[in-house]
Amino acid sequence: VVAADRTPSQLQEEIRKEYINRKLFNVLTVTVKTEERFYSVGGEVRYTNRMIYMGYTTVFRAIDSAQGFGDFANRSRIELRRANGQTFMIDWKKAVKDPRLDLEVFPGDQIIVHRRHY
């Protein structure tokens, strides 16, 4: 059974059908659980932590899940570090005007909201 591009429920059903069709079992309950995947949000946010990746999310949604910007956040210096080493700087004011600049977050990514300097 190929698991790629299938949801856990689709995979469960396919495995169940395969075992029943081969007459290995008459009744079978299959449970497929995916490994939990994480991204982290840190720096000048209200709740710095590792977050469970639940599917499509963006940098701004990730910051919202960290209870928003902290009091000293530099909203023009939001850093997104990909698990593969790529780094992107996001300016909140520009990204609010152009949602394409609010980049997608993937498992293993790290978001750092830098501190504002006076």
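User: In which loop is Arg82 found?

Analyst: The model is predicted, so local features need pLDDT of at least 70 and side-chain atom pairs pLDDT 80 or more, while totals for chains, interfaces and linings use all residues. Residues are numbered from 1 along each chain as its sequence is written, and side-chain values use heavy atoms, without hydrogens and water. Helices (DSSP H or I, at least four residues) and strands (E, at least two) are numbered from the N terminus. Arg82 is accordingly placed in the loop between β3 (73-81) and β4 (87-90).

User: Is Arg82 buried or exposed?

Analyst: Leaving aside neighbours within four places in sequence, Arg82 has contacts (heavy atoms within 4.5 Å) with Phe88, Leu103, Glu104, Val105, Phe106 and Asp109. Relative accessible area under 20% means buried, over 50% exposed, and in between partly exposed (1.4 Å probe, protein chains only). Because its relative accessible area is 15%, Arg82 is buried.

User: What is the length of the polar contact between the side chains of Arg82 and Asp109?

Analyst: A polar contact is a pair of N or O atoms within 3.5 Å; within protein, one must be able to donate a hydrogen and the other to accept it, and residues adjacent in sequence count only if both atoms are side-chain atoms. Asp109 is among the residues in contact with Arg82. Their side chains are joined by a polar contact of 2.5 Å.

User: With which side chain does the side chain of Glu13 make a polar contact?

Analyst: Glu13 belongs to helix α1, which covers residues 8-21. Glu13 is partly exposed, because its relative accessible area is 32%. At 2.9 Å, the side chain of Glu13 makes a polar contact with that of Arg16.

User: What distance separates the C-alpha atoms of Glu13 and Thr31?

Analyst: Glu13 is part of α1. Along the chain, Glu13 and Thr31 are 18 residues apart.

User: Which residue with a positive phi follows α1?

Analyst: Helix α1 comprises 14 residues. The residue that follows α1 has a positive phi near 60°, and this residue is Lys23.

User: What is the relative accessible area of Asp5?

Analyst: Asp5 sits in the segment before α1. Its phi is positive, about 65°, although Asp5 is not a glycine. Asp5 counts as exposed because its relative accessible area is 83%.

User: What is the relative accessibility of Gln67?

Analyst: Gln67 is placed in the loop between α2 (59-65) and β3. Although not a glycine, Gln67 has a positive phi of about 65°. Gln67 counts as exposed, because its relative accessibility is 52%.

Technical notes: Expected span 1.5 Å × (residues − 1).
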